[in-house]
Amino acid sequence: MMAIHESAENYLETILILSKALPVVRSVDIANELGFKKSSVSVAMKNLRENGYITVTGAGFIYLTDTGQEIASKIYERHEFFSQWLKRLGIDEKTATEDACKMEHYMSAESFAAIKKYVNEHD
């Protein structure tokens with residue numbers, strides 16, 4: 001899997017989260033969710049499409065490709081894991097969520113797997 005920028009990972013994760021809540025995902029939904037200008041989101045969607053992470057229909061509906069889904073699911077799993085773990089350690093929800101956002105992008109797969117295994121064994 002090629003290296004992918006944190007911002008692209010965030011967009012893919014956002015598309016995944018929105019796709020669970022909405023019948024279809026459009027650029028405007030992503031812009032609203034992330035608080036970005038629609039023009040910025042359009043540029044990002046063009047890059048994601050050109051890299052094969054999403055498809056965009058003629059009507060502007062955005063879907064994750066298998067590759068996009070794989071990356072989004074990995075980031076989302078890490079986010080959920082870290083935010084829940086930090087909250088269990090007594091960190092307030094806002095800080096736990098912010099820190100999980102940082103941790104989900106920068107940790108190697110090896111370290112994440114080791115932490116997850118340790119936490120699951122000691123729960």
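The model is predicted, so local features need pLDDT of at least 70 and side-chain atom pairs count only at pLDDT 80 or more, while totals for chains, interfaces and linings use all residues. Residues are numbered from 1 along each chain as its sequence is written, and side-chain values use heavy atoms, with hydrogens and water left out.

**The largest core.** Begin by selecting L12, I15, I30, M45, L48 and I54, which touch the most other members of the largest nonpolar core, a set of 20 residues. A nonpolar core here is a set of buried Ala, Val, Leu, Ile, Met, Phe, Trp, Tyr and Cys residues joined through side-chain atoms within 4.5 Å; buried means under 20% relative accessible area, exposed over 50%, and partly exposed in between, with a 1.4 Å probe and protein chains only. Next colour α1 (6-21), α2 (27-34), α3 (38-50), β2 (62-64) and α4 (66-88), the elements that give two or more residues to this core; helices (H or I, at least four residues) and strands (E, at least two) are DSSP runs numbered from the N terminus. The helix α1 gives the most, with six residues.

Now centre on I15, which, leaving aside its neighbours within four places in sequence, is in contact (heavy atoms within 4.5 Å) with V25, I30, M45, L48, I54, I62 and L64.

**A buried charge.** Move to E9, placed in helix α1. E9 is buried yet has no salt bridge, and the nearest side chain of opposite charge, K74, is 4.3 Å away; a salt bridge requires a side-chain nitrogen of Lys or Arg within 4 Å of a carboxyl oxygen of Asp or Glu, and in assigning charge, Lys and Arg count as positive and Asp and Glu as negative, with His and the chain ends not counted.

**Aromatic pairs.** Select Y11 and F36, whose ring centres are 6.1 Å apart with planes at 65°, so the pair is edge-to-face; rings of Phe, Tyr and Trp (its six-membered ring) pair if their centres lie within 6.5 Å, and planes under 30 degrees apart count as stacked, over 60 as edge-to-face and the rest as tilted. Y11 lies in helix α1 and F36 in the loop between α2 and α3, so the pair ties together parts that are 25 residues apart in sequence. Y11 is buried at 8% relative accessible area, whereas F36 is partly exposed at 42%.

Finish with F81, F82, W85 and F112, which ring pairs link into a cluster.
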